[in-house]
Amino acid sequence: MPEGDTIHYAARRVRAVLVDREIRSIETPHPRHRHDRWPERLSGLAVKSVDAHGKHLFMRFEGDLTLHSHLRMTGKWGTYRRGERWGRARRRAWLVIATDEHEVVEFDGPVLELMTESRTRFDLRLSALGPDILAEEFDGRSFLRRLRDDDPTRGFGDAILDQRNLAGIGNLWKAEACFTAAVDPWKKTGHVTDHEALAVARAARAAMQPSAKNGFRVKRQVYERGGLPCPRCGTLVRGRGQGDDNRTTWWCPGCQT
Ligand SMILES: [Zn+2]
């Protein structure tokens with residue numbers, strides 16, 4: 001599943017080929033958007049900015065319109081030179097934006113909507129998002145406040161997957177960051193100190209930043225390494241479902257406390 005670093009990386013690539021370029025065409029091939037008239041509504045408008053917050057991507061046009069996307073489990077953004085072969089089949093494209101040199105394509109996009117700029121600020125799902133783990137300046141104070149307002153009996157690993165506490169972390173970076181900071185993801189949030197919570201956020205940020213810049217990369221320490229020895233202490237790594245969604249969390253019971 002794409003996490004915040006993948007979305008920031010996509011935003012970076014899309015930004016480079018669309019902002020301040022003349023848009024030649026916008027197409028919405030998927031039947032769900034057949035009646036939305038996006039090509040007409042966006043015709044002649046330039047893309048002002050492309051940015052990410054957590055796992056959400058926002059493409060802001062001149063005037064007051066913003067395309068909002070969230071890839072969930074299946075979606076993907078691609079940027080291609082004209083004539084270059086796409087990474088997925090043409091029928092899976094939901095949105096195609098073309099300039100003279102490039103095509104930007106959103107494939108299999110479960111959340112793709114055109115909204116006014118003010119709605120992006122007042123939309124309940126979006127305004128509830130926690131601080132972005134990859135923001136230029138991470139707002140640790142807001143993260144801690146949200147964490148402390150959450151249920152103190154909730155497992156810490158589950159709490160940091162909640163995008164209202166911290167935006168951008170998914171299951172992989174959750175497991176890896178808890179390991180790097182040597183914090184047990186099963187510990188009740190109320191028992192995790194501020195220092196520990198911020199150490200996990202710092203670890204996640206440090207690991208995700210290179211991916212956001214250069215494309216996804218990870219040197220897995222515990223993720224999907226159940227039964228293998230911990231790279232730090234040699235204890236066997238374990239994996240078990242956690243939280244309401246029962247997402248598997250991997251951790252080392254030897255050195256994560
Ligand atoms: Zn260990």
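This is a predicted model: local features need pLDDT of at least 70, side-chain atom pairs count only at pLDDT 80 or more; totals for chains, interfaces and linings use all residues.
**Exercise 1. The zinc site**

Task: Work out which residues coordinate the zinc ion and what arrangement the donor atoms make.

Solution: 
- Start with the donors: the SG atoms of Cys230, Cys233, Cys252 and Cys255 coordinate the zinc ion at 2.2 to 2.3 Å.
- Next, look along the sequence, where the spacing of these donor residues reads C-x2-C-x18-C-x2-C.
- Now turn to the angles. The 4 donor atoms subtend 99 to 118° around the zinc ion, so the arrangement is tetrahedral.
- For comparison, the ideal angle for four tetrahedral donors is 109.5 degrees.
- Finally, check accessibility: cysteine 252 and cysteine 255 are both buried.

**Exercise 2. Two helices**

Task: Describe how helix H1 and helix H8 are placed relative to each other.

Solution: 
- Find the helices first: H1 spans residues 4-18 and H8 spans residues 194-214.
- Their axes come within 7 Å and cross at roughly 30°.
- Angles under 35 degrees count as roughly parallel, and H1 and H8 are therefore roughly parallel to each other.
- The crossing of H1 past H8 is right-handed.
- To see the contact, pick out residues including His8 and Tyr9 in H1, and Met208 and Ser211 in H8.

**Exercise 3. Positive phi**

Task: Locate glutamate 224 and asparagine 246, then describe their phi values.

Solution: 
- Glutamate 224 sits in the loop between H8 and strand S9, while asparagine 246 is in the loop between S9 and strand S10.
- Most residues other than glycine have a negative phi.
- Yet phi is positive, near 55°, in glutamate 224, and also near 55° in asparagine 246.
- Glutamate 224 is partly exposed because its relative accessibility is 47%, whereas asparagine 246, at 52%, is exposed.

Note on methods: Residues are numbered from 1 along each chain as its sequence is written. Side-chain values use heavy atoms; hydrogens and water are left out. Donors are N, O and S atoms within 2.8 Å of the metal (3.2 Å for Na, K and Ca); water is not among the atoms, so sites may look incomplete. Four donors count as tetrahedral if all angles lie between 85 and 135 degrees; four count as square planar and six as octahedral if opposite donors are over 155 degrees apart and all others between 65 and 115; anything else is irregular. Buried means under 20% relative accessible area, exposed over 50%, partly exposed in between (1.4 Å probe, protein chains only). Axes are lines fitted to C-alpha atoms, for helices over the stretch in contact, and angles run from 0 to 180 degrees between N-to-C directions. Helices (H or I, at least four residues) and strands (E, at least two) are DSSP runs, numbered from the N terminus. Angles under 35 degrees count as roughly parallel, over 145 as roughly antiparallel, 65 to 115 as roughly perpendicular and the rest as oblique. A crossing is left-handed if the near helix is turned anticlockwise from the far one by less than a right angle, and right-handed if clockwise. Contact means heavy atoms within 4.5 Å.
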